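Visitor: I am new to this structure and would like a close look at a single part of it. Please take one place and describe what surrounds it.

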Amino acid sequence: MPRSVPPLPDLPRYTRWELVPEGLRTKTELARQGLKPGPGIEPVGQVLYHGNNYAPLYETTVAVPKRRVSPAQRAALDRARELQYRCRRCGLLGEDPLKGRYCDDCRYAVTMWEQHDQAQALAREVVADQGAVLLVVEVEPGALPTTQAVAVVAVHDGQALYTAPAGEYGTTERGEVLDQLDALLADRQVIREPSFMDPASRSPDTLLLQPGQPVPLRPDPRHPWATRSTACPSVARIWSAWFGWTDSPGSTIPSVPRDGQPVPWTRSLDLVADGQSMAGVLHQIADGSEPVWPRAAWNVASRGAASA
């Protein structure tokens, strides 16, 4: 909205309403009388209102009746006006216009439900990809499991494609592991475990870092499979969106629970078994048998309401 409506050129200006001659009305005043300016009729004056705003004035003698709204049109207008206040999902009629089609609670639930559906679609895509693999690593000093190792497990059938000790940073052994991973993971979709799970952080990029070294902002072009990026799918990202848990009320960002709820895959000394466990979770999400959080916002109401 403009801060002011400038005056029209070459028209008389009236700075107070009481100065407006009889027989001149604004469009709003004419509308209250069921009238409007006739076709091609131009304003003959203007009046100052609300600070520095000017409203055009028209002669009432040349005004014409406004077209009457039919009952069907009136019903349609009333319905449209009501829909500005009534939630399409739960039917709640609010006092203020909605910010879209839903009330705040339903918008939150629908957003979470959409992410839930997207998680299943992504799991189905990954499971159907014959080349997709899970890369499980453990190189964090003092974290569980204590043996530093790396494993590659096929998502489609759970077959272990590669497993080896990770080796110390900077050694020939670590270099050989990286070479093997570069060759094996080329042109494959790499699914990883998240980097923020306690008690052990098992992100692939830790294979490239010295203990305590900060994570680089840009991926290493020599080892694209180790990229720490939200664009790369992870078991936690897929499962948390399917599970429907968030770390604060009103948040629409799915998270791995930190309230005592365990994740459904194993984290142990056997990285191959852990990879197979994660592959199993992805299969369960793909076929819809993996449970969801009972208190997930979209899960409180029926699916039919959420997808309406």
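**A residue and its contacts**

Guide: Leaving out residues up to four places away in sequence, Val-127 touches Val-155, His-156, Leu-282, His-283 and Ala-286, where contact means heavy atoms within 4.5 Å. This is a predicted model, in which local features need pLDDT of at least 70, side-chain atom pairs count only at pLDDT 80 or more, and totals for chains, interfaces and linings use all residues. Residues are numbered from 1 along each chain as its sequence is written, and side-chain values use heavy atoms, with hydrogens and water left out.

Val-127 lies in helix α3, residues 104-128; helices are DSSP runs of H or I with at least four residues, numbered from the N terminus. Val-127 has a relative accessible area of 13%, so it is buried (under 20% relative accessible area, with a 1.4 Å probe and protein chains only). From Val-127 to His-283 the C-alpha distance is 6.4 Å, although 156 residues separate them in sequence.

Helix α6 (residues 271-287) and helix α5 (residues 235-243) have axes that come within 11 Å and cross at roughly 35°; axes are lines fitted to C-alpha atoms over the stretch in contact, and angles run from 0 to 180 degrees between N-to-C directions.

Note on methods
Helices (H or I, at least four residues) and strands (E, at least two) are DSSP runs, numbered from the N terminus. Buried means under 20% relative accessible area, exposed over 50%, partly exposed in between (1.4 Å probe, protein chains only).
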